[in-house]
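Welcome! Let us take a friendly walk through this structure, one topic at a time.

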Amino acid sequence: MSRQILASTEFIEEIMKTTKFIKTAEVEKKWILIDAEDVVVGRLATFIAMRLRGKHMPTYTPHIDHGDNVIVINAEKVAFTGKKRNDKVYYWHTGYPGGLKERTADKILDGRFPERVMRKAVQRMLPKESPLARQQLSNLRVYAGSEHPHAAQEPQVIDFKSMSPKNTKGK
């Protein structure tokens, strides 16, 4: 009986030697660029959240900001499936009695800050209200138009539309 315990202890120690947690100083962040024109919001948000957290890498460490810097352009031209563009409602509270406000996704996308729809979708897919989630969300840059000021970082362009036919809304 003691041989089995000894063998399992040695096995566990061997696994612990091979498991490597990456440190903050060892992180190499890449810059990626995604064009959001005619792309379904939820599918793109899950892809971006995964890249921001670093879950696409084999050295993923849950307590380290290990993800990439993500640039999203054409956020005003994103697509919703079904009737979500008119039916999806965003709520917020002013802090005063009776201060519950609401606005549909259609009004936000046609309004002054259409990039907020994409940012809010990604934010809701990150861990809830933690310093790590705020740090990871700060690596996301969303722009309503096709211009961005990050050309000096030489971002790698990812064609999200061609990854799956479900990523674009069928017209």
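Which residue forms a salt bridge with Asp110? That residue is Arg85, and the closest N and O atoms of the two are 3.2 Å apart.

## About the model

This is a predicted model, in which local features need pLDDT of at least 70, side-chain atom pairs count only at pLDDT 80 or more, and totals for chains, interfaces and linings use all residues. Residues are numbered from 1 along each chain as its sequence is written, and side-chain values use heavy atoms, with hydrogens and water left out.

## The overall fold

The chain has six helices and six strands, where helices (H or I, at least four residues) and strands (E, at least two) are DSSP runs numbered from the N terminus. Along the sequence, their order is α-β-α-β-α-β-β-α-α-α-β-β.

Of the 171 residues in the chain, 35% are buried. Here buried means under 20% relative accessible area, exposed means over 50%, and partly exposed is in between (1.4 Å probe, protein chains only). The chain exposes about 11,300 Å², and carbon and sulfur atoms supply 55% of that area; accessible areas come from the Shrake-Rupley method with a 1.4 Å probe, and for residues only the protein chains shown count as cover.

Contact means heavy atoms within 4.5 Å. Among contacts between residues at least 6 apart in sequence, 67% join residues at least 24 apart.

## Salt bridges

Side chains of opposite charge can pair when their charged atoms come close. A salt bridge is counted when a side-chain nitrogen of Lys or Arg is within 4 Å of a carboxyl oxygen of Asp or Glu, and by this rule there are five.

Back to the opening pair: Arg85 forms its salt bridge with Asp110. Arg85 lies in helix α3 (residues 84-87) and Asp110 in helix α4 (residues 105-110), so the pair ties together parts 25 residues apart in sequence. Arg85 is partly exposed at 27% relative accessibility, while Asp110 is exposed at 55%. A network of salt bridges links Arg85, Asp106 and Asp110.

Another salt bridge joins the side chains of Arg51 and Asp68 (3.0 Å, N to O). This pair links distant parts of the chain, with Arg51 in helix α2 and Asp68 in the loop between α2 and β2, 17 residues apart. Arg51 counts as buried at 11% relative accessibility, and Asp68 counts as buried at 1%.

## A buried strand residue

Where is Val72? It sits in strand β2 (residues 69-73). Val72 is buried, with a relative accessible area of 0%. Beyond its neighbours within four places in sequence, Val72 is in contact with several residues, including Ile34, Ile48, Met118 and Leu140. The C-alpha atoms of Val72 and Glu115 are 9.1 Å apart, although 43 residues separate the two along the chain.

Most residues other than glycine have a negative phi. Glu129, which is not a glycine, has a positive phi of about 35°. Glu129 lies in the loop between α5 and α6 and is exposed, with a relative accessible area of 67%.

Glu154 also has a positive phi, near 50°. Glu154 belongs to the loop between β5 (140-142) and β6 (156-158), and counts as exposed at 67% relative accessibility.
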